[in-house]
Every structure is written in C-alpha cells, then in structure tokens.
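Please look at the sequence and the model together while reading this report. Each section takes up one part of the structure and describes its surroundings.

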Amino acid sequence: MNCDSVIVLTDYCHCRYIDDVHFIYVEKTNETVVLDSDLNFIIDRLKNSSCSISELISIAKSIFTDESNLNIATFININIENLIAQDVIRIDI
Amino acid sequence: MLLKELSDAKSRLYRGLNIKIGQFTFRIAIHNNSAIHDFIQNYSEFPVLDNDEFYDFNIMLKSPSFLRKFLYPQINFYCNEVPPFIPLPEDQAYAMLEWGMNWCIANHAHHFLIIHAAVIEKNNYSVILPGLPGAGKSTLTAALTTREWRLLSDELTLISLNGDTITPLSRPINLKNNSIDIIKSYSPNAKFSKIANDTHKGSVALMKPSKFSVDRVSELVKPRFIIFPKYEKNSELVMKGVHKKDCFIEMIKHSFNYNILGLDGFNSLTHLVNTTDCFSFIYSELDEAIEKFDSLVNA
C-alpha cells in the first residue's frame with residue numbers, strides 16, 4: 001500500500017469505547033467489530049481528521065519503540081488493509 | 001378493573017378479552033379450560049380493558065382442528081390468526097400461551113433492545129440477569145421476588161433505545177424441572193400453574209408474580225447491575241467483576257433483536273454496559289445468594 005495514501009473513517013462507521021477497547025459498528029454490513037487495543041491510536045487519530053499511512057506509521061513508531069521499523073510498517077499496512085476490508089476505513093480519494 | 005374483579009372472566013376469556021400487561025395490550029381468547037384457570041390465577045392483578053380499546057397483539061389458544069379436540073388432543077397458538085408454531089399436546093396449553101406471548105413481544109417490540117434475561121429491582125437498584133437455559137436464572141429470580149425484590153421480567157428485558165431505562169412486564173416466572181419443587185418449598189405461599197410435563201424444556205410451571213410487582217408495572221427503572229448467574233451444586237458463593245468489553249459481547253449473544261436494530265442497538269447496548277457494573281455469580285444456596293444481592297442494594 002502506498003505510504004502517501006490518505007485514509008478516513010467511513011461514513012457508516014460508529015465507534016464507542018468500552019473498557020479501553022474500541023467497539024465499532026459498521027452500518028453498511030450491520031457488523032460489530034472489536035478492535036485490538038493496540039490499534040486504538042488509529043481510530044483516535046482518524047476521529048479528528050484524515051491521515052496518511054506514513055503518518056500512522058510514524059505514530060506507531062513512537063508507541064511501539066521496541067519493534068523494528070520494518071515490523072511496524074508491516075503491522076500498520078496489514079491492519080489498514082483489514083480495516084478497509086471491514087468497511088471501517090477507506091482510502092480518501 | 002382487574003381481571004380478578006371480573007365475575008364473567010372465564011366466558012370473556014373464551015370469547016376474547018383485552019388485558020394490559022405493562023406497556024402492551026393483548027387481546028386474548030383461550031379455548032382450553034385448564035389454561036383459562038391458570039391464566040386467571042396468574043394474571044388476576046392485571047387490568048382488563050374494554051374490548052373496543054386498541055390492542056397490540058391479537059392472540060388465541062385453540063385446538064388446530066375439530067378432530068384434535070378428541071383424538072390425541074392438541075392445542076395451537078395463533079397471533080393475528082396465524083399459527084407461528086406447530087401444535088402441542090393439549091396439557092401444555094398454558095405454557096404455550098406464555099411462550100407465544102414472549103414470541104409476540106420479542107418479534108415485534110423493536111422500539112426496545114430486547115435481552116433474554118430476567119430483571120429485578122430493590123431500593124431503586126435494578127439487576128439484569130442474563131443466563132443460558134439451565135443457568136439458574138429463573139430459580140434465582142423467583143426466590144428473590146419472594147424476598148421483597150420486585151419482578152420486572154423473567155424472560156425479556158426491555159431496554160430503551162437510549163440504554164437508560166428498563167420497562168417492566170411483571171409476567172409469571174417460568175420454572176423448569178427441579179426448580180419447581182425448590183421454589184415451592186422455598187416459598188410455600190407462592191402460586192403456580194399446573195405443571196406441564198414432557199415439554200421441549202422438560203416439566204414447566206409458571207409462578208404467579210407478586211402483587212407489588214404487578215402494581216408497579218408502569219414504573220421504569222434505570223439499569224444498575226448486570227449479573228451473569230450460574231447455579232453449581234455444592235459450590236461456594238462467588239461474585240466476580242466481569243470486564244465490560246466481555247459483558248458487551250455476551251449481551252449481544254443474549255439479545256433477540258440487536259442485529260435488527262442496527263445502530264440503535266449498538267448505541268443502546270454500549271450505553272447500557274458503560275453505565276452498569278458487571279459481575280459473574282456462582283451460587284448453590286438461595287438464602288446465601290439473596291443475602292449477597294441484598295448487600296449490593298443495601299449499601
């Protein structure tokens with residue numbers, strides 16, 4: 001995935017915190033998604049505005065300091081793809 | 001006027017009678033003497049309305065055919081003249097009526113988030129008791145309601161779509177198998193319907209709700225606790241906190257209409273879970289269990 005791609009929360013995604021875990025209801029699919037708490041920062045960041053993937057990788061690097069840069073980039077890319085597949089986020093065009 | 005004050009209750013129930021049960025009005029016709037007897041006993045404190053008043057559900061209990069009145073007698077439940085279930089043996093008539101009434105509410109009252117759970121209240125503290133069949137939810141509920149706890153519901157917890165209030169039904173408590181004798185000996189003054197044997201749930205009897213629960217059926221309550229009960233023979237009493245995230249997932253599993261409500265269901269349930277304390281509860285002795293519940297609300 002292109003690191004310059006900008007992502008946003010989809011219009012049909014609704015997020016609520018319970019016990020520091022994001023529960024996300026996706027209207028389009030009528031599914032409730034439970035987000036791994038490691039990914040909270042992505043949703044929190046996107047709640048404010050759109051964001052590029054490289055920016056998310058940069059935030060992740062400041063959180064997961066023990067991980068290698070390569071692992072972090074892979075982690076973000078995989079999870080972004082998953083969240084797109086679940087209609088939680090989309091590439092902003 | 002209350003059902004118990006009607007001198008011609010039996011014939012009115014045969015022809016069709018409007019009765020108000022919480023926020024719902026049922027027009028009920030019963031063509032079975034035993035079920036009429038049990039219904040009059042268990043709903044004696046509920047108000048009867050004029051027959052020209054609006055009703056939510058038009059239900060009827062009658063034999064599926066003339067032949068089935070005599071040959072292996074059967075009974076069937078009709079909602080708006082349509083039978084949603086297959087017929088059952090005639091001696092399960094009253095139990096079938098109660099299951100049918102549950103079905104009507106669970107399938108139509110989508111202005112509530114409906115959870116398969118009992119709910120009780122004392123001192124303005126409500127406790128929602130979700131439980132899988134056999135968990136001991138109804139036994140515990142029945143015992144609590146004989147010890148000054150108000151019954152809001154035994155089967156269907158009706159949560160407002162903003163997640164802020166619970167609407168009572170205060171209908172009879174459905175007890176099964178060993179629980180029937182346990183509660184009969186625990187509360188000798190409690191009244192029960194005739195036992196229906198060999199149902200798909202085993203032996204079933206319905207316990208009459210307390211008068212003070214029915215008198216206060218219009219009083220909504222705020223949700224305060226969600227407690228997942230489990231009866232375990234000879235176990236120590238254990239009450240442990242449950243993570244709200246786990247509680248939320250469990251409550252989705254216990255909901256009848258979460259998926260139908262979509263975003264409303266999500267908003268209602270997240271608010272409910274975020275504003276209540278959640279526990280698991282293992283018990284074996286009813287007195288001990290009630291003492292623990294009392295300690296929650298007497299603090």
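## An enclosed helix

Helix H4 of chain B is largely enclosed by the rest of the structure, because 9 of its 9 residues are buried, where buried means under 20% relative accessible area, exposed means over 50%, and partly exposed lies in between, using a 1.4 Å probe and protein chains only. The buried residues of H4(B) include B:Lys137, B:Ser138, B:Thr139 and B:Leu140, and B:Ala143 and B:Leu144 are also among them. Helices (H or I, at least four residues) and strands (E, at least two) are DSSP runs, numbered from the N terminus.

Residues are numbered from 1 along each chain as its sequence is written, and chains are lettered from A and ligands numbered from 1 in the order in which they are written.

The pLDDT is the predictor's confidence in each residue, from 0 to 100, and chain B has a mean pLDDT of 95, with 100% of its residues reaching 70 or more. For the complex, the predictor gives an ipTM of 0.91 and a pTM of 0.94. Where pLDDT is low, the predicted coordinates should not be read in detail.

The axes of H4(B), residues 137-145, and of helix H10 of chain B, residues 286-297, come within 10 Å and cross at roughly 70 degrees. Axes are lines fitted to C-alpha atoms, for helices over the stretch in contact, and angles run from 0 to 180 degrees between N-to-C directions; angles under 35 degrees count as roughly parallel, over 145 as roughly antiparallel, 65 to 115 as roughly perpendicular and the rest as oblique. On the H4(B) side, B:Thr139, B:Leu140, B:Ala143 and B:Leu144 meet B:Leu286, B:Ala289, B:Ile290 and B:Phe293 of H10(B), where contact means heavy atoms within 4.5 Å. The residues of this contact divide into 7 nonpolar, 1 polar and no charged, with Ala, Val, Leu, Ile, Met, Phe, Trp, Tyr, Cys and Pro counted as nonpolar, Asp, Glu, Lys and Arg as charged, and the others, Gly among them, as polar.

The axes of H5(B) and H10(B) come within 12 Å and cross at roughly 70 degrees, and these two helices are therefore roughly perpendicular to each other. Here B:Ile182, B:Ile183 and B:Tyr186 of H5(B) make the contact with B:Leu286, B:Asp287 and B:Ile290 of H10(B). The residues of the contact of H5(B) with H10(B) divide into 5 nonpolar, no polar and 1 charged.

## A buried tyrosine

B:Tyr283 is found in strand S17 of chain B, residues 277-283, and is buried, with a relative accessible area of 2%. Not counting residues up to four places away in sequence, B:Tyr283 touches several residues, among them B:Thr139, B:Leu140, B:Lys230 and B:Ala289. B:Lys230 is 53 residues apart from B:Tyr283 in sequence, yet their C-alpha atoms are 6.5 Å apart in space. A polar atom of the B:Tyr283 side chain lies 2.8 Å from the backbone oxygen of B:Gly136.

B:Ser160, in strand S10 of chain B, counts as buried at 12% relative accessibility, and B:Thr167, in strand S11 of chain B, is buried with a relative accessible area of 4%. Leaving aside residues within four places in sequence, B:Ser160 is in contact with B:Phe112, B:Thr165 and B:Ser268, while B:Thr167 touches B:Gln23, B:Phe112, B:Leu158 and B:Leu220.

The side chain of B:Ser160 also makes a polar contact, at 2.6 Å, with the side chain of B:Asn162. A polar contact is a pair of N or O atoms within 3.5 Å; within protein, one must be able to donate a hydrogen and the other to accept it, and residues adjacent in sequence count only if both atoms are side-chain atoms.

## Positive phi angles

Most residues other than glycine have a negative phi. A:Asn30, however, has a positive phi near 55 degrees, and this residue is partly exposed, with a relative accessible area of 27%. B:Asp198 has a positive phi near 60 degrees and counts as exposed at 70% relative accessibility.

Key:
Predicted model: local features only at pLDDT ≥ 70, side-chain atom pairs only at ≥ 80, totals over all residues. Heavy atoms only, no water.
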